[in-house]
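Trainee: I would like to learn how to read the features of a model like this one. Please take me through them in turn.

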Amino acid sequence: SRGHRSAPVVAVRACARGRLGRHGRSLFQGAPCLRAMSAGAAGAGAAQPIAAVAVQRQAPQVCIRWSGRWGQWADSAVHILAACVGELEVLERDELATNSVELTLKAAQEVSEALRDELPQEAFCANIHWVASPKSGRRRRHVLRAALVCEPAECDKLQKSWQMRPMCGGAVTVSWTSFNDTASLAHSARVSSMLAERRLSGREETGLLLEVPKRWLAMPAESNNSQRVVILRHGHWWDFASIFGRVSLAELVLLQDSDMSHLLVRFTSPEGASAMFEALVDRYLYNPANVDVEDTHPAFCALGRHEDLR
């Protein structure tokens with residue numbers, strides 16, 4: 001599918017103090033590039049697909065139930081996390097930088113550990129990833145995004161204290177540039193305004209594309225070797241999309257040589273696609289089926305005409 005590409009989640013331990021909020025298990029990201037790090041701690045069975053959830057499709061009583069920052073529609077189904085999302089600028093000092101990729105990974109690790117130490121006991125970092133993948137020799141400025149479960153005031157403190165902070169022995173400086181509380185009324189108003197502008201264009205945007213890690217799918221390992229499309233007629237991801245509107249087509253696009261897949265949904269009306277986009281944009285997904293690691297992933301999604309998103 002076209003028109004959407006995400007950066008990989010960086011290989012760092014997430015910044016919790018032994019719990020993932022109300023879920024009560026130690027927080028450790030289960031991202032694909034973390035497999036080398038997590039295999040020793042969690043074992044080969046860490047990546048678990050989300051089981052099919054028995055939900056009466058199109059039933060009006062099925063909806064997202066919010067508890068604080070967590071949105072849930074079925075106990076064993078994917079959850080939505082409306083985090084405080086901070087962006088940090090990582091600047092390499094040219095005279096000290098040798099291997100840019102190795103340095104940025106080390107910087108992300110140090111940021112993760114610093115957040116763990118500086119956040120209050122009840123707050124934690126649920127996910128940390130690069131906005132764009134660092135590549136050696138291309139640039140010396142990178143943007144790191146952290147999803148925090150905390151009060152907005154904590155992000156204000158971090159933004160003030162994290163300015164040109166030296167890390168990695170002075171090889172990089174890190175500055176907290178901005179944050180977005182995706183559970184706030186301001187975030188909802190901003191997204192609603194954007195959707196209103198799109199509706200003025202008169203385009204029938206009934207399509208929604210969502211990135212889904214392959215580790216969350218009950219797919220054979222050989223699916224990594226070729227790109228193919230799986231048409232869904234029932235199951236977890238069909239039911240998840242159906243919360244937001246009537247679905248006419250749902251497909252899983254398994255990307256070749258990638259740890260990611262795309263859920264491509266066509267709704268019968270633009271309202272369904274807009275509702276799903278509004279619920280997910282700038283937020284995160286959590287897989288409760290993975291009992292070995294706390295498994296979160298950015299909810300990278302795109303809204304548009306179904307034929308343009310293919």
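**Reading strands, salt bridges and burial**

Mentor: β4 and β6 run antiparallel and are joined by eight bridges. This is a predicted model, in which local features need pLDDT of at least 70 and side-chain atom pairs count only at pLDDT 80 or more, while totals for chains, interfaces and linings use all residues. Residues are numbered from 1 along each chain as its sequence is written, and side-chain values use heavy atoms, with hydrogens and water left out.

Trainee: What is the bridge partner of Leu 88 in β6?

Mentor: Strands of a sheet pair through backbone hydrogen bonds, either parallel or antiparallel. Two strands pair if DSSP finds at least two bridges between them. Strands (E, at least two residues) and helices (H or I, at least four) are DSSP runs, numbered from the N terminus. Here, Leu 88 has Leu 144 in β6 as its bridge partner.

Trainee: In which order do the strands of this open sheet come?

Mentor: The order is β5-β6-β4-β8-β7, five strands with antiparallel pairing. β5 and β7 (165-167) are the edge strands, each pairing on one side only. On average, neighbouring strands of this sheet are turned by 30 degrees against each other, direction ignored. Axes are lines fitted to C-alpha atoms, for helices over the stretch in contact, and angles run from 0 to 180 degrees between N-to-C directions.

Trainee: Which strands does helix α3 lie across?

Mentor: Contact means heavy atoms within 4.5 Å. Helix α3 (residues 152-161) lies across β4, β6, β7 and β8 (172-181), and runs at about 155 degrees to β8.

Trainee: How do I read the open sheet that contains β13?

Mentor: The order is β1-β2-β3-β13-β14, an open sheet of five strands with antiparallel pairing. β1 (65-67) and β14 (295-298) each have a single partner strand, so one side of each is left without a neighbour in the sheet. From one strand to the next, the twist averages 30 degrees. Within the sheet, strands β2 (residues 70-72) and β3 (residues 79-81) run antiparallel and are joined by two bridges. Gly 71 stands opposite Ile 80 in β3.

Trainee: How many salt bridges does a search of the whole structure find?

Mentor: Side chains of opposite charge can pair when their charged atoms come close. A salt bridge is a side-chain nitrogen of Lys or Arg within 4 Å of a carboxyl oxygen of Asp or Glu. The search finds 13 salt bridges. One of them joins the side chains of Glu 89 and Arg 141 (2.5 Å, N to O). Glu 89 lies in strand β4 (residues 84-92) and Arg 141 in strand β6 (residues 141-149), so this pair ties together parts that are 52 residues apart in sequence.

Trainee: Is Glu 89 buried or exposed?

Mentor: Buried means under 20% relative accessible area, exposed over 50%, and partly exposed in between (1.4 Å probe, protein chains only). Glu 89 has 18% relative accessibility and counts as buried, whereas Arg 141 is partly exposed with a relative accessible area of 44%.

Trainee: Which residue forms a salt bridge with Glu 92?

Mentor: Arg 140 does, with the closest N and O atoms 2.7 Å apart. Arg 140 lies in the loop between β5 (124-130) and β6, and Glu 92 in strand β4, so the pair ties together parts that are 48 residues apart in sequence. Glu 92 is buried at a relative accessible area of 7%; Arg 140, at 29% relative accessibility, counts as partly exposed.

Trainee: Which residues are linked with Arg 203 in a network of salt bridges?

Mentor: The network links Arg 198, Arg 203, Glu 205, Arg 305 and Asp 308. In it, the side chains of Arg 203 and Asp 308 meet in a salt bridge (3.1 Å, N to O). This pair links distant parts of the chain, 105 residues apart: Arg 203 is in the loop between α4 (185-200) and β9 (207-213), and Asp 308 is in helix α7 (residues 306-309). Arg 203 counts as partly exposed at 40% relative accessibility, and Asp 308 counts as partly exposed at 32%.

Trainee: How many disulfides are counted?

Mentor: A disulfide is a covalent bond between the sulfur atoms of two cysteines. The rule applied is a pair of cysteine sulfur atoms within 2.5 Å, and the count comes to zero disulfides. As for burial, Cys 125 is buried with a relative accessible area of 0%, and Cys 301 counts as buried at 12% relative accessibility.
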